[in-house]
Structures are given as structure tokens and as C-alpha cells.
Amino acid sequence: MENTQRFINENKDRFLEELFALLRIPSISADTAYKQDMVTAAEYVKKKLEEAGANNVEVCPTPGHPIVYGEKIIDPSLPTILVYGHYDVQPAVPLELWTTPPFDPTIRNERIYARGACDDKGQVYMHVKAFEAMMKNGELPCNIKFMIEGEEETGSTNLGPFCIANKEKLKSDVILISDTSMLANDIPSIDVGLRGLSYVEVELTGPNRDLHSGVYGGAVANPINILTKMIASMHDENNHITIPGFYDDVIALSAEERAEMAKAPFDLEAYKKDLDIADAWGEKGYSIMERTGTRPTLDVNGIWGGYTGEGSKTVLPSKAFAKISMRLVPNQNSDKITRLFTEHFKRIAPAGVKVEVTPHHGGDPVLTPTDSLEFKAASMAIEKTFGKNPIPTRGGGSIPIVALFERELGVKSVLMGFGLDIDALHSPNESYGLFNFYKGIETIPYFFKYYTELKKA
Ligand code: BES
Ligand code: MN
Ligand code: MN
């Protein structure tokens, strides 16, 4: 891998410029106004994969946004690594909170500021460049396939059917994903778990029209009052979730597992300072790392209704809405939790309001083994470039398709992510460290090398 590493070192500036071009494309999957930009981003990834040396590169249309596929099969008898990532990004609003515009990538204090800098364009591009470096130096040790989708941030709606319809094409030994974070640059870690997700939208209707809040107030159920009360009732005084059956399938961690987790360094003061909060919050009896990595949650992501314009309008609103997400842990099932939520939510509503629950996307939680070849290869690669063995951690976020990869393709994933918590994913001023971008490009070829060697042994 020496030539590969030298090549990476000599091409750093070009790699960054090419990433910038990708970051300038506003590929926001959630907003139909950017549909054409999604195609532009997919075409850009295709072009770069081709230039790097991939074959059979295609932009595969779906009923939603396209999936980019490409491959390099050097010898069918060698192992095949499937690289998965996403070129879509979250909406960048509120724009006024960005120091520099989200789609005008800028370097400040050794960091790349742009929407998607870390999640996931920066991390996807590390793979494209690591591949190019191995190809140009004749050091690609095994077969590689790329599947870069454009709907991760909206729940990967069309990727599941694509996988099921293309099982032969996607055949691989392992799926390699860089779309997660590490504890710190000097405390490398590998996520071995991801939370699942159930996401619902609720609509409460009280009276058939907005009413005068004086004439009717006090005698007619106000759907916003009711909605907030219903939401508040879904956590008890210990911040446990009160939906009956919600925890039934949760696998409790053993005392050993909890002790192991507690070894990962965590600085509560730094955490509070970063977020400018006087205290943390959460389920009684669990540490912060346990709360985000191993416990399920219920959170309101947005809530609206009634009058929110300038000044005041005395109105008793007809409707109230909220978007609610539940993060799930092994062995919870997304569809089951959506059903339990819906039943409970309808049950606790008073007769004065009508309730509608609409499920959005979801996904099941995953655990990846630590005694696997791929975990070993990722550990060795990180040890090689970071000089430290990575700690296994559980990520609080979700990549819904990972559970499906295992279920439908029968292939396990390894989550070799290079982000940090300070990267501000989904927030204003998202960023990605130059250190992390380049370290990722250096580390990936070693994963290929060690995985191939371990697989042959
Ligand atoms: N890359 C993240 C997931 C992530 C981030 C996992 C950090 C672990 C650590 C991914 O792009 C993401 O944001 N997923 C969504 C899922 C969704 C919109 C269905 C999430 O977790 O909210
Ligand atoms: Mn992501
Ligand atoms: Mn994301």
C-alpha cells in the first residue's frame, strides 16, 4: 500500500477540490425543488467513479432519486467489498444561522464547512479517492462494488426494492459504510450498533373551523392544548416512555456490557458546554452514552398549529400537528412500535378531538459483531493509521438500510465512520475536519488489504 499512500499524499489538494464540487450541488432529497440537483449529484459521482477506474458505472433510476452503482471486479475468486453511502443531504434551513452559505464550501480552522461535508458526501468521497489511489497504483487487493444512494435522509424508500431486485449484482462478502462518527481524533472508535426508527405524523382536529377563543374558549377542546398534554403524558417522571408494550422487546445490556461501555471516555462538562445547556436530561438509571446508544426514545421533531404570525390573534384552532420520532434499539421492530404508538395515541385522545396518525419512514436497529473478520480488519486499519486500537461504541443515529442489507442480502456491514460529534450533522454550520477526510482516505486501503488477507487465511 506504499504507492497508494504516496499517491494520496501527492493528490490531497485535488481530492479536496473535487469534493468541493460535489458539495456545491444542493442535493436535498427531502425537497422536490432540488430534484434536478439530485440527478446532477448522481451524475457527478458516476463520472468520478469512472475516472477512478470503476466499470459498469450507472445512474439507476428509481421512483424517487437515482442510485449510483459501479464496480471493479479484478478476480471473481477474490472477496468483494460493497461500499455503501449516500449523496443526498438534509435541508440546510435555517440559512441565516450559517456563517458561510451551506452550498459554498469553505475552509475555516482546518475544517470544511458545508451541508453534507461529513454526512455523507465527505465520507463517500473518501472511498472514491481511496479506490482511485489503489487503482492507479495497481494495489486494489480484491473486488469492489459501489452503491451510493440519494434517499438515505428520507428513509431509503426505494433502496430496499432495488436491493431485492438486484441481489446477484450486489453480491458481496461485506458492506463497508462510512456514515458514522468516532469519539475523538485521538480516541478512535467503531460503531457496532445503530438505532432503528419509527417516524409518525399526528393530526388532531377539534372543532370544524378556527373559533373565537373568547366566545368558545373553555367549552371546546383546543387541539393544541390536548396534543401537548398527550405528548407530555408519553414520558413518566423517570422519563420512561409510557406506551404499553414499548419496552417489551428491548434487550437489556448485561452488567459486563455496561461496564465495558462505561470505559469509553465521556466528558459531561465538555458535552454541556458544547451544547450550552446547564444539565443533561434523560431516562433515569442510565448514563448519557447508554441513553443515546442503547435505550429507545420518543421525541417531537416539529409541532405546529393555530396562529403563529405577527402580533396576536385570538383564535381557538381547529387543528394541531406534530412529527414524532422514536429511536429503537435491538430487538425492537419498527412496524410493531408504529402500531403500538398509533393504538396508544388514539386511546388517550379525549372524545372532543379526532386523531389521525400517518407513519412516515422507519427502519430496524442493528448490531454488528465484534468477532467478525470485517471488524478485525477495520480495527487493524484504524490501528495502523491512528496508532490506537478503536473502541467499539453504539451510535445513536440510524441508517435504516443496514438491517435490510442483512435481512435481504444476507451480508453484514462494518461501520467505519470518521466523523465527530462536533461536525454538526443536520445542523447549521455542518463541518468535517480535513484531518478526518484525509485520515479516512488513508485508512480505507488498509481495510481492503487486511480484509482480503484475513479472508484468504
Ligand atoms: N449518517 C447518519 C446516521 C448517523 C450519524 C449514525 C451519526 C451514527 C452517527 C444518517 O445520515 C442519518 O442522519 N440518518 C437518519 C435516518 C433517517 C432520516 C431515516 C437519522 O438518524 O436521523
Ligand atoms: Mn448519513
Ligand atoms: Mn444524516
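1. Buried means under 20% relative accessible area, exposed over 50% and partly exposed in between, with a 1.4 Å probe and protein chains only. By that cut-off, 55% of the 457 residues in the protein chain are buried.

2. The model is predicted: local features need pLDDT of at least 70, side-chain atom pairs count only at pLDDT 80 or more, and totals for chains, interfaces and linings use all residues. Residues are numbered from 1 along each chain as its sequence is written, and side-chain values use heavy atoms, without hydrogens and water.

3. The protein chain holds 13 helices and 18 strands (DSSP runs: H or I of at least four residues, E of at least two, numbered from the N terminus). Its radius of gyration, over C-alpha atoms, is 23 Å, close to the 23 Å of the globule rule for 457 residues, so the chain is as compact as a globular protein of that length. That rule is 2.2 Å times the number of residues to the power 0.38. The C-alpha trace spans about 80 × 50 × 45 Å along its principal axes.

4. Of the contacts (heavy atoms within 4.5 Å) between residues at least 6 apart in sequence, 80% join residues at least 24 apart.

5. Glu139 sits in the loop between helix H4 (121–136) and strand E6 (143–149). Glu139 is buried but has no salt bridge (a side-chain nitrogen of Lys or Arg within 4 Å of a carboxyl oxygen of Asp or Glu). The nearest side chain of opposite charge is Arg6, 7.9 Å away (Lys and Arg count as positive, Asp and Glu as negative; His and the chain ends are not counted). Neighbours within four places in sequence aside, Glu139 contacts Met1, Glu2, Asn3, Thr4 and Met134.

Note on methods. Chains are lettered from A and ligands numbered from 1 in the order in which they are written.
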